[in-house]
Amino acid sequence: MTGPIIDARSVNKIYGSGPARVQALKDVSLTLDGGKLTVLMGPSGSGKTTLLSILGCMLAPTSGNVEVCGVSTNGARPEELARIRRQHIGFVFQSYHLFPTLTVTENVLLALDVRGDHGPKGIAKAKEVVASVGLASKMGSFPRELSGGEQQRVAIARAIVAEPSAILADEPTASLDATNGQATMAILSAIARERERAVLVVTHDPRLFGFADRILYIEDGSLTREETADSKADPMRTVVDRDRMENVARTKFPAGSILDQGRS
Amino acid sequence: MSLVFTLASRNLFQDRPRFVASLIGIVFSVVLVMVQIGLYFGFGRMVTTMIDHASTDIWVISSGAKCFEDLSVLNTGIRNRLLEVDGVAEATPVVVGFSAWMLPDGAMTPVFLVGSEFNGGGISPWNVVEGTVQSLAESGTVGVDRSYYDRLRVSRVGEAAQIRGMDVTVGVITDGIRSFTTTPYVFTNIADARSYIGLPASFTSHFLVRVKPGTDIERTRQAILSHVAGIQALTPDQFSDQSRSFWLFGTGAGAALFAGALLSVIVGTAIVAQTLYSSTKEHLYEFATMRAIGASNGYIYKVIIWQALLNAFIGFGLAALIGVAVVHFTAKSALQIVITPGLMIELFVLTVVMCIISAVAAIVRVVRVDPVIVLAQ
């Protein structure tokens, strides 16, 4: 599609009232475009999760407007927001949130099933995506039988299997060691670049900036700074080399995985 | 197999102690309802057993009589009035009443006499296993049921006893003619019955009216009512309904059975609801994740409803097995538990409805879950 996948304009979010009133977001405007991995960085309590919730249509802003793939979410009822999430957005969570009683393939299939896309085609698609994140040998395993990194890859597979336009990841590397964290970011980066998805990653970890096409800084509910691949304002960003990091990450994947797609 | 069903069943079976507790609740509830309703059916069948086995088109009973065992009496002169009614072919008197059966040791036990003429229009004993019905026409001959051998201290045709001081001989043995009052039925001819009860010859308990072939029974019944005062004229179905209504609801016995059944349903529903609710709470993050990835309310409800239905199917299956065993073991008891195929189907529907109602609390909880909690964790 042309134009931004997610377009947020003058978004404000206020929790509570009176003395308990807290303004979590202040006049935030941003767009997320396909093919780009955006990192949202900020200290605890800065409004990252609130912004992610609003962009992900889980939370309604107090004022302002959010459009997802050209559809305004203003005044949408919960079922309508669920439909937008189902059709356009994939989520990756810090704690994976896999279903412990479902196998790897079933966990991924769930994202298709909620869309009504079940049957042999759905199962084949789920298996294909599980293989693409390097877990072909673990399709029948249950989450408890997987490492943290593997569980996060299942969560990513679940987020992308329905081919949403946007992937929103909430601290996806926070529960992982450095290598698995980089592997996770490498996958998300590849999804953005190879599949033309808009990927937003909320993180505290500046070591992951190398994967970003764009970095947004949020503080006290306001976006305070933006960097793109062309700007070298932050010295932290220049010390990280994406190719080197992807090579490290590739050690976690067999040949033919998502990291190899589009590189020939 | 659908993923919803897979998820529902695995979530349900994952916590086996809770699942077993839920099943116990359902089985307990369904078996209790089954027994209560089965007793109601058995009781209902037992209180109308004489009416069901009488050979008649219309029952004529005293205006105040409620049931077959009612001791109200009619004047025998009514018979002639009945025969005057257009369409009436025969009016056979039946005498019923209590008397005392003397045991060999001189002790007395109450019996309920059923005296009739045996011209084909009265009440004859059925399920005869020894002797002949015709023998009851002989004076001093009675028919008893084998289930009362111990009570009456007789066990075969030809044995002697006394009723109200008069010698009697067992001429007929039947099987399965039980009285819900536990007082044994004793069949005899109408003249002897009057003697044993102490009823003058000018009185009778009921008349069994046969209509002429091709006659409209309802029209004849109405004609009897307008021609004879101080009586009730009822079809067998009407008399059965009236008797059941009197014994089951006039005495409060039926209400007690229904109250027991209702309580069982409430207890079962509460147990299943508690199980489903706690299971849902335990899997709250999974439901929140489902909402986050865009699952509709309907999709999430399906998971919970499937859990409820699995509870219902498995619970009912176990309860049905227990119910069949209960029926088998009570078949020879004083009060049978009657479970018909129709009752089984109704109980299955009740179980399903009960489990789905139980899911309401869990569904309400899930509806309130905010998908944002999966980001906050």
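Strand S11 (residues 206-211) of chain B is a mostly covered piece of this predicted model: five of its six residues are buried. Two strands of chain B pair with S11(B), namely strand S1 (residues 58-62) and strand S3 (residues 88-102).

**Around strand S11 of chain B**

- S1(B) and S11(B) pair in the antiparallel sense, with four bridges between them.
- To see that pairing residue by residue, find B:Val60, which stands opposite B:Phe207 in S11(B).
- S3(B) also runs antiparallel to S11(B), and here six bridges do the joining.
- A handy pair to look for is B:Ala91 and its bridge partner in S11(B), B:Val209.
- As background, strands in a sheet pair up through backbone hydrogen bonds, in either a parallel or an antiparallel way.

**The domains and a helix pair in chain B**

- Chain B splits into domain 1 (3-46 + 252-376) and domain 2 (58-234).
- How far apart are the C-alpha centres of domain 1 and domain 2 of chain B? They lie 48 Å apart.
- Now pick out helix H9 (residues 253-282) and helix H12 (residues 341-367) of chain B: their axes come within 8 Å and cross at roughly 40°.
- The crossing of H9(B) past H12(B) is right-handed.
- On the H9(B) side, the residues making the contact include B:Val265, B:Gly268, B:Val272 and B:Leu276, while H12(B) brings in residues including B:Leu350, B:Met354, B:Ile357 and B:Ala361.
- Sorted by class, this contact of H9(B) with H12(B) has 13 nonpolar, four polar and two charged residues.

**Chain A in outline**

- Chain A has eight helices and ten strands.
- Of the 264 residues in chain A, 51% are buried.
- If you take the contacts in chain A with a separation of 6 or more, 71% of them are between residues 24 or more positions apart.

**An open sheet in chain A**

- Four strands of chain A line up as an open sheet in the order S2-S1-S4-S5, with antiparallel pairing.
- Which strands sit at the edges? They are strand S2 (22-32) and strand S5 (71-72) of chain A, and each pairs on one side only.
- Strand S1 (residues 6-15) and strand S4 (residues 63-68) of chain A are joined over five bridges in the antiparallel sense.
- One bridge in that pairing links A:Ile6 with A:Val68 in S4(A).
- H1(A) packs on this sheet, where it touches S1, S2 and S4 of chain A; the direction of H1(A) makes about 125° with that of S1(A).

**Where chain A touches chain B**

- The two chains are in contact through 25 residues of chain A and 25 residues of chain B.
- Helix H1 (48-55), helix H2 (78-88) and helix H3 (104-113) of chain A are the elements that each give two or more residues to the chain A side.
- That side of chain A is made up of twelve nonpolar, six polar and seven charged residues.
- Is H3(A) mostly covered or mostly exposed? H3(A) is mostly covered, with ten of its ten residues buried; among them are A:Val104, A:Glu106, A:Leu109 and A:Asp113.
- What do the buried residues of H3(A) pack against? Their partners are helix H4 (120-132) and helix H5 (148-160) of chain A, together with helix H1 (3-14) of chain B.

Note on methods
Residues numbered from 1 in each chain as written. Chains lettered and ligands numbered in written order. Predicted model: local features only at pLDDT ≥ 70, side-chain atom pairs only at ≥ 80, totals over all residues. Contact = placed C-beta atoms within 7 Å. Nonpolar A, V, L, I, M, F, W, Y, C, P; charged D, E, K, R; others polar. Domains from an automatic or database assignment. Buried ≥ 20, exposed ≤ 12 C-beta atoms within 10 Å, placed from the backbone. Pairing = 2+ DSSP bridges. Axes fitted to C-alpha atoms, helices over the stretch in contact; angles between N-to-C directions. Left-handed = near helix turned anticlockwise from the far one by under 90°.
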